[in-house]
Amino acid sequence: MQSVVPFPSMNSDLHVVDPKRFRMYLRKPTMGSYFELIVDGDRPAAELRVLMDEAWELVQHLVDRLSAHVPASDVCFINEHAFARPVLVDPDLFGLLQQAAAVCEFTGGAFDVTIGPLVKLWGFFAREGRVPSDAEIEEAMGSVGMGHVELNPAARTVRFHRPGMEINLGAIGKGFVIDKVVAMLRRSGVTCALVNAGGSSIFALGAPPDGSDGWRVGLRPGGTAMERLGVVELRDQAFGTSGDHEQHFVTGGVRYGHILDPRTGRPVCHRMTACSLGDSATRTDALSTALAVMGPEEARRFCVQHGESAVVIDESGEGAPVVEAIRCTIRPVAGPPQTMGLSPLSLDASSRDGKQTRGRHH
Ligand code: ADP
Ligand code: MG
């Protein structure tokens, strides 16, 4: 178990976890949850500290551009103007929108970033859930669909063909931020790090220096006091997980989760957790959401058919969840995961202050 030596700094969220190995840890609230970074290196702690600060600045910069909750963000600007005229978009964001469009097509519309009007209609945007009328859903659906978005690569512009359209990057943005941080760390020569956004999007750079094959991430469906179901080991790999354990509301005995089916305009009601593994955190974030929309059976079929690495956890039965690993390996739980955060869905156990903690993070 690691011990924590607080770094003598104004920044109380930054710690040298192990002064001998120069492991540094940062955790900050953002994107509706938290951002977490472990960097392990053989360079002076002061250098690592600068790197951690840069990483955190990059995260804040990206959130300011991508979040629909930041009124001055690029995404809000697009939402406001792209029906009236084509809006010029910065290359990074344009690339992200192209990736979002590709995943939308790949998943038959299960993933769709134009879900914005529905996220608001169901009250998930303001985090005040409500059940809209069928007429309201039908009206909002008129403003949903990537097919009504024109991406012009030559001009690098975005245009909406329907009024009322709104892009919401909630299911892909965390992964994108992680990929950007990983690229920055790689450019800086870092070969060993773990980047985690809210426990639902992760990138494991290299492997921990203790000789293990990869960073261990515990699988634990949320909302229960259940033990971890197993561990996946990640090495130079991204991991995204999705399920509606965290954000949901209950009305009239019915549970409504924040993952919506863009084709019906309604929250999905599968009890499941879907995890996607791959090279890009952007893609695994988006794909895990799409798998959660498909439901356990279709998700399994889809991953087998397309050669996707995934873990599909079916929690619909009365008994223990049914776990299926597709093109990846789930190992038995042995020792604490090396991730430090707690997550409603996937990560478990924190050894930050020398003792195990368990529970849901808010
Ligand atoms: P988390 O944010 O908990 O990691 P997800 O990555 O699945 O979970 O993202 C869920 C968020 O994405 C929702 O809060 C909503 O803003 C948006 N969203 C919901 N359903 C979809 C969907 N089918 N396609 C794209 N975005 C979605
Ligand atoms: Mg997602």
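Strands, spaces and confidence in a predicted model

Q: In this predicted model, which residue of β7 is the bridge partner of asparagine 152?
A: Strand β6 covers residues 149–152, and β7 covers residues 157–160. Four bridges join these two strands, which run antiparallel. In β7, asparagine 152 has as its bridge partner threonine 157.

Q: Which residue in the turn of the β6 and β7 hairpin has a positive phi?
A: The hairpin formed by β6 and β7 has four residues between its strands. In that turn, a positive phi of about 55° belongs to arginine 156.

Q: What is the order of the strands in the open sheet of three strands?
A: Strands of a sheet pair through backbone hydrogen bonds, either parallel or antiparallel. β5 pairs with β7 over two bridges in the antiparallel sense, and valine 87 has valine 158 as its bridge partner in β7. β6 is joined to β7 by four bridges, while β5 (87–88) and β6 (149–152) are edge strands that each pair on one side only. The order is therefore β5-β7-β6.

Q: At what angle to β6 does helix α3 run?
A: Helix α3 spans residues 91–106 and lies across β6 and β7. Relative to β6, its angle is about 130°.

Q: Which residues are closest to the centre of the largest pocket?
A: The largest pocket has a volume of about 1,100 Å³. Its lining counts 44 residues, and the elements giving two or more of them are β4 (33–40), α1 (45–66), α6 (173–187), β12 (237–242) and α7 (281–294). By class, the lining has 21 nonpolar, 18 polar and five charged residues. Closest to the centre are Gly170, Ala171, Lys174, Gln247 and His258.

Q: How many charged residues are in the lining of the largest cavity?
A: The structure holds one cavity of 30 Å³ or more, and the volume of the largest cavity is about 30 Å³. The lining is made up of Gly243, Asp244, Ile259, Val268, His270, Met272 and Ala292. It divides into four nonpolar residues, two polar residues and, in the charged class, one.

Q: What share of the chain's residues reach a pLDDT of 70 or more?
A: The mean pLDDT of the chain is 86. Residues 1–12 stay under 50, and the model gives them 32 contacts beyond four places in sequence. Residues 340–362 are also below 50, with 92 contacts beyond near neighbours in sequence. Over the chain, the share at 70 or more is 84%.

Q: Where is the pLDDT below 50, with 92 contacts in the model beyond near neighbours in sequence?
A: Where pLDDT is low, the predicted coordinates should not be read in detail. The stretch with 92 such contacts and pLDDT below 50 is residues 340–362.

Notes:
Residues numbered from 1 in each chain as written. Chains lettered and ligands numbered in written order. Predicted model: local features only at pLDDT ≥ 70, side-chain atom pairs only at ≥ 80, totals over all residues. Heavy atoms only, no water. 1 Å grid on protein atoms, 1.4 Å probe; cavity = no way out; pocket = protein on both sides within 12 Å on 5 of 7 lines; lining within 4 Å. Points joined across faces, edges and corners; volume = space filled by probe spheres on them. Nonpolar A, V, L, I, M, F, W, Y, C, P; charged D, E, K, R; others polar. Contact = heavy atoms within 4.5 Å. Axes fitted to C-alpha atoms, helices over the stretch in contact; angles between N-to-C directions. pLDDT = per-residue confidence, 0-100.
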